[in-house]
Amino acid sequence: MDKNTRICIIGGGPAGLSAGMYLEQKGYDNYTILERNDHVGGKCHSPYYNGRRYEMGAIMGVPSYYAVHDVEEFCGITHDGPQLNRNYKDRNGNVIEPFEPKKNLLKIPRLLKMKKQITELGRILETKYKGYDVNGHRGVAQGRYEGFAVSPEREPVSGENENLRDLSMPFKDWCIMNDVELTQDVWIGPFTSFGYGYFDEIPAAYVLKYLDFQTCMNFVRINLWTWKNGTQYICKCLNEKLNNPARLNSVISKVERKDGKVFVTVNGEVEEYDKLIVTSPLQFFPEYADAREDEEKYFSKIDYERYDVLAVETKPEDHPEISYYVFDNMTPDRLGHLMVYYRRWKDTKDQVITTYALRKHKNSEEIPYEECKQMVLDDLAVMHNPATNVVNEQSWYYFPHVFSDDYAAGWYDDVEAMQGKYDTYYAGEVMSFGDMDETAEYSRELVERFF
Ligand SMILES: Cc1cc2nc3c(=O)[nH]c(=O)nc-3n(C[C@H](O)[C@H](O)[C@H](O)COP(=O)(O)OP(=O)(O)OC[C@H]3O[C@@H](n4cnc5c(N)ncnc54)[C@H](O)[C@@H]3O)c2cc1C
């Protein structure tokens, strides 16, 4: 492609900003990032409280966040945040140690079995499911893998593997089929409580591509990255380093693609481009773009989670001494309840804690926002950490994904085949997975493949 190609990127979150970075590194300088908010970062959102940043959105990374590491290098920053740590409580607020055999004598057989199954899971992922962990979902539904290895070098990898088709089934069913159902006890922590839905509804491909074996073990061992100034700071630094920083407050009312050109109406003015990269949610693209029949058809199949975050103050004597996971509340029958709460800074109680709850599940009615908020506040009281005040709240449109039937029917291969068809490329969360690294990595690959 001509290096002077005029490229419009919609969205200034990790996907859009990293697309700009990778384009620039490949010699494309004629790109424009349009961000509708007055700040960059999207779901990397780190407001101030008492002079320090807390996280309303993304919190952490792991050492295999290679694309995030590219960004850190590009910006000259590093993961310098507070070390994470956590304990566990049951739904009644009692501190428990669910994985400690000595504290769970009756559960020893189950814990031993779980340990065995985790080893077995590691084995089948390397053998039976070889190729499961490449970024994105190309070929999976057809029993293929195609992409780049999860390594700093990202060597191209591809191959046939019929077993990969299994990954379209819900993770719970997939675990049962492979006799590793107890591994869910471990995988559920960094999956469901992180807002990614329930194992009876989410295809195994999403669970395992994000929580590949190594990544899950990094969560277990708390080998994690955080950023002192918050994840939004990474995006801010990246934006400032780019030759063409995002244009903020850009309200797009129309996208028209005709005669090999892309016309974007921004704040009432029509701008002309050659190519478009959409990193904003594809589900809403048809609301402002001249979506074609296939775009309408596929994007209407996208589902999402409702992930609610509250930042609350407590009395000093009620402040949690550490972050807590509440495993009891991570199953669909406890929809809307508090699943995890996060204390970020160890050295002071003069800070907010953030709470996390899901209120949407495929087979249940969505819980109204205010109702869920009250449930979470009630749960905090049950946990012996009652809140005095809510200082910030956010209900996120979260983790866009497709369900098993559409996954198995080849949603990803069909959408991948549409890349470039209308001078338009699709990136962002749904194309890979809803975390900072998978989205940035997908942008890297998109630039590698098409530009
Ligand atoms: C509570 C929470 C916790 C999380 N924890 C983690 C974590 O610990 N680790 C991790 O890796 N990830 C985490 N994530 C997920 C991570 O933040 C997202 O996956 C990532 O930000 C996705 O990047 P993106 O650019 O694809 O989308 P987004 O971050 O959603 O960015 C999209 C951008 O597009 C803009 N936009 C949307 N529509 C338009 C439009 N029409 N015109 C112009 N601009 C538009 C938005 O304003 C936004 O800035 C968390 C997210 C949340 C909410």
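Glu438 sits in helix H13, which spans residues 436-450. The model is predicted, and the dialogue below starts from this residue.

User: Happy to begin there. How far is Glu438 from the nearest side chain of opposite charge?

Analyst: Here is the general idea: side chains of opposite charge can pair when their charged atoms come close. In this structure, Glu438 is buried without a salt bridge, and Lys209, the nearest side chain of opposite charge, is 7.2 Å away. Leaving out residues up to four places away in sequence, Glu438 touches Asn135, Lys209, Tyr210, Ser432 and Phe433.

User: How many salt bridges does a search of the whole structure find?

Analyst: The search finds 32. One of them joins Asp274 to Arg6, with the closest N and O atoms 2.8 Å apart. Asp274 is in the loop between strands S11 and S12, while Arg6 is in the segment before strand S1, so this pair ties together parts that are 268 residues apart in sequence. Asp274 counts as buried at 17% relative accessibility, and Arg6 as partly exposed at 24%.

User: Which residue forms a salt bridge with Glu429?

Analyst: That is Lys43, with 2.5 Å between the closest N and O atoms. The two belong to distant parts of the chain, 386 residues apart: Glu429 is in the loop between S18 and H13, and Lys43 in the loop between S2 and S3. Glu429 is buried, with a relative accessible area of 17%, whereas Lys43 is partly exposed at 23%.

User: And is Lys103, which bridges to Glu97, buried or exposed?

Analyst: Lys103 is exposed, with a relative accessible area of 56%. Its partner Glu97 is partly exposed at 39%, and the closest N and O atoms of this pair are 3.8 Å apart. Salt bridges can also join up into a network, as they do for Arg138, Arg144, Glu146, Asp413 and Glu445.

User: Now the ligand. Which residues are closest to it?

Analyst: Among the 34 residues that surround the ligand, the closest are Glu35, Lys43, Met60, Tyr65 and Glu429. Then look at the backbone: an N or O atom of Ala15 lies 2.9 Å from a ligand oxygen, one of Ile59 lies 3.1 Å from a ligand oxygen, and a polar backbone atom of Met436 is 2.9 Å from a ligand oxygen. The protein covers 94% of the 990 Å² of accessible area that the ligand has on its own. Helix H1, strand S13, strand S17 and helix H13 each give two or more residues to the shell.

User: What about backbone angles? Where is Arg154, with its positive phi, found?

Analyst: Arg154 is in the loop between strands S7 and S8. Its phi is about 45 degrees, although it is not a glycine, and at 7% relative accessibility it counts as buried. Compare Asp179, another non-glycine residue with positive phi, about 55 degrees. Asp179 is in the loop between helices H4 and H5 and counts as exposed at 56% relative accessibility.

Methods:
Residues numbered from 1 in each chain as written. Predicted model: local features only at pLDDT ≥ 70, side-chain atom pairs only at ≥ 80, totals over all residues. Heavy atoms only, no water. Helix = DSSP H or I, 4+ residues; strand = E, 2+ residues; numbered from the N terminus. Buried < 20%, exposed > 50% of the residue type's maximum accessible area, 1.4 Å probe, protein only. Lys, Arg positive; Asp, Glu negative; His and termini not counted. Salt bridge = Lys/Arg side-chain N within 4 Å of Asp/Glu carboxyl O. Contact = heavy atoms within 4.5 Å. Near = heavy atom within 4 Å. Polar contact = N/O pair within 3.5 Å; in protein donor to acceptor, adjacent residues only side chain to side chain. Areas by Shrake-Rupley, 256 points an atom, 1.4 Å probe, with all protein chains shown as cover.
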